[in-house]
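Here is a briefing on local geometry and packing. Read it alongside the sequence and the coordinates.

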There are 2 protein chains.
Amino acid sequence: MTARKLHLAVAQLGPVQRSDTRVQVVRRLIDLLEDAHSRGAAWVTFPELALTTFFPRWSIDDPAEVQAFFETEMPGPLTRPLFDAARDKGVGFYLGYAELADGVQYNTSILVGRDGQIVGKYRKIHIPGDAQAVDGAPLQHLEKKYFAVGDLGFPVWQTPDAAIGMCICNDRRWPETFRVMGLQGVEVVMAGYNTPSGYVQWNEPIHLRMHHHLLSLQAGAYQNACWVAAAAKAGVEEGNPMIGGSCIVAPTGEIMVRTFSEEDEVINFVCDLSVSDHYRANIFNFAAHRRPEHYRMIVERTGAQPPA
Amino acid sequence: MTARKLHLAVAQLGPVQRSDTRVQVVRRLIDLLEDAHSRGAAWVTFPELALTTFFPRWSIDDPAEVQAFFETEMPGPLTRPLFDAARDKGVGFYLGYAELADGVQYNTSILVGRDGQIVGKYRKIHIPGDAQAVDGAPLQHLEKKYFAVGDLGFPVWQTPDAAIGMCICNDRRWPETFRVMGLQGVEVVMAGYNTPSGYVQWNEPIHLRMHHHLLSLQAGAYQNACWVAAAAKAGVEEGNPMIGGSCIVAPTGEIMVRTFSEEDEVINFVCDLSVSDHYRANIFNFAAHRRPEHYRMIVERTGAQPPA
């Protein structure tokens, strides 16, 4: 099959501290976008909640204090320069941020085209952690306190360059996320994440955090024959370490390039979208091989139930 | 949580040639079961289509010639000694074989308890390959010619030792397989396979065959918090090489032990079933985090359709 090349970049962010302003963060994002452009990349993936520190590590009850982490318009006055840079350089992007819409808080990402216009929006569906602080826990992970479950499904957008889908952080661990996009012929999945190096709820060996991150992306890419571009917010934020491991994964399930640091860092790779075609014509020819009549339990129950 | 130890073994088979008799193959299986028992294992996983050579590599039209590869009763006179050995040693097993039932051919596995009695049966659902020989192809893979799609779903059986499920070969590449068992609280998935080292339909780099095999098992284990015991029929059968890589994978997605050879070889590992409990109480608490309302496409379409 004829190669179809698309040059992707991933822009990992180092830590964003609570005192960092939007202006400072957007300046870093623009620098990274320009770096990606200088390498020839057409699209760049930024992290989840890229504009602020990962505030769900704290239990905050003051509404004004919480609202300071959220965006009420996108672009707004402080984020518009990033959209302008995208248009000027002709580089599309994925950006994660906290969204306040009609009084509801979401963990959101947008896809912005190479003309600087918003192509689509996704709201995180698999919200991890707790709704209330766990007494005595060494770490908190309170996404369920701050974010409603996304209400937009897992859409895929046919851009001029590729069919692109989005997910956010914990979504990547759930095979349903990738499969719903795979069933729409997704060619590139973009994902941002903030993944604490330690685990809140039990004493899981710390090396497994990176292993599970990479395993989930590799499986999602292979089993749906798509490219995956994943961007961390990494390093030590407010004393709390988060993993890096931003990467671009091929439809073979192979990691083609990944970040070395836990700081601001760009990686890039020229992806051949036609690799997907081989898998979709053969081993992952869904129409020929899937058997939805045997998958009904996936939608008919939420939690596990013991065998009859 | 309190450890719950279960000692599992996997018995990889080297090649079975067409001239090898059932008596010879069953003798090898008994030797392997006794080896597993001597190490203290309580259960052993044998490969897919363990009793014969992997005949779907050939296009055979003579009904009598085809039928010679199939079992019409289980146990039959030639396989009963394996069941007797299981009962005598107190070792349960998974065994794959070609089943002829009421005139329909299936690619089947059975789970046999430590008392030598059949606990359950599974019939392969994801039948790969072609229904007719591909003209001029260097290799054929004709499972769709020989096997009907399984009609028993993906059951899980609560044995005295663990909740055990089964799948066969290509099933392991499909996340739906593991998820349907995960939704029944499966603790151990047993899987047999025959995976040609070369790929039929396109010139995929050969190293990817092993990578995809291991990746699929690791993702299935992690994403459903279960142990996986997978057994290859390996080596060069009738001139056709097949991968080994039989292994036992933990709910962490880590490969704990794997075979070295492409010959008859036993591996074993003492599995702590309580590891699953940590994941199921936290990151993979399905009841708390799954959102089936956003998964409906998984059962509502079979093939991929482009985005609206």
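Buried means under 20% relative accessible area, exposed means over 50%, and partly exposed is in between, with a 1.4 Å probe and protein chains only. This is a predicted model: local features need pLDDT of at least 70, side-chain atom pairs count only at pLDDT 80 or more, and totals for chains, interfaces and linings use all residues. Residues are numbered from 1 along each chain as its sequence is written, chains are lettered from A and ligands numbered from 1 in the order written, and side-chain values use heavy atoms, with hydrogens and water left out. Helices (H or I, at least four residues) and strands (E, at least two) are DSSP runs, numbered from the N terminus. Contact means heavy atoms within 4.5 Å.

**Leu111(B)**

- Leu111(B) sits in strand S4 (residues 104-112) of chain B.
- Its relative accessibility is 0%, so Leu111(B) counts as buried.
- Neighbours within four places in sequence are set aside here; the contacts of Leu111(B) then include Trp43(B), Phe93(B), Trp157(B), Ile164(B), Met166(B) and Met190(B).
- Gln117(B), Ile118(B), Val119(B) and Gly120(B) are also among the contacts of Leu111(B).
- Asn170(B) is 59 residues from Leu111(B) along the chain, and their C-alpha atoms are separated by 19 Å.

**Helix H1 of chain B**

- H1(B) covers residues 22-38, which is 17 residues.
- From first C-alpha to last, H1(B) reaches 24 Å, close to the 24 Å expected at 1.5 Å a residue. The expected span is 1.5 Å times one less than the number of residues.
- Buried in H1(B) are Arg22(B), Val25(B), Val26(B), Leu29(B), Ile30(B), Leu32(B), Leu33(B) and Ala36(B).
- Exposed Val23(B) and Ser38(B) are on the face of H1(B) turned away from the buried side.
- Packing partners of the buried residues of H1(B) are strands S1 (5-12), S2 (43-45), S3 (92-101) and S14 (265-272), plus helix H3 (80-89), of chain B.

**Helix pairs within chain A**

Axes are lines fitted to C-alpha atoms, for helices over the stretch in contact, and angles run from 0 to 180 degrees between N-to-C directions. Angles under 35 degrees count as roughly parallel, over 145 as roughly antiparallel, 65 to 115 as roughly perpendicular and the rest as oblique.

- H5(A) (residues 175-182) and H6(A) (residues 207-224) pack at about 30°, with axes 9 Å apart. H5(A) is therefore roughly parallel to H6(A).
- H5(A) passes H6(A) in a right-handed crossing. A crossing is left-handed if the near helix is turned anticlockwise from the far one by less than a right angle, and right-handed if clockwise.
- Phe178(A), Arg179(A) and Gly182(A) of H5(A) meet a set in H6(A) that includes Ser216(A), Leu217(A) and Gly220(A).
- Eight of the eight residues of H5(A) are buried, so this helix is largely enclosed by the rest of the structure.
- H1(A) (residues 22-38) and H3(A) (residues 80-89) have axes that come within 9 Å and cross at roughly 10°. H1(A) is therefore roughly parallel to H3(A).
- Among the H1(A) residues that meet H3(A) are Val26(A), Leu29(A), Ile30(A) and Leu33(A).

**Helix pair between chains**

- H6(A) and H6(B) (residues 207-224) pack at about 120°, with axes 9 Å apart. H6(A) is therefore oblique to H6(B).
- The crossing of H6(A) past H6(B) is left-handed.
- The contact involves residues including His211(A), His212(A), Leu215(A) and Tyr222(A) of H6(A), and His211(B), His212(B), Leu215(B) and Tyr222(B) of H6(B).

**Backbone exceptions**

Most residues other than glycine have a negative phi, and most peptide bonds are trans.

- A cis peptide bond joins Met74(A) and Pro75(A), with omega about 0°. Pro75(A) is in the loop between H2 (63-67) and H3 of chain A.
- Met74(B) and Pro75(B) are also joined by a cis peptide bond, with omega about -5°.
- Cys169(B) is not a glycine, yet its phi is positive, about 50°. At 5% relative accessibility, Cys169(B) counts as buried.
- Glu238(B), also not a glycine, has a positive phi of about 50°. At 34% relative accessibility, Glu238(B) counts as partly exposed.
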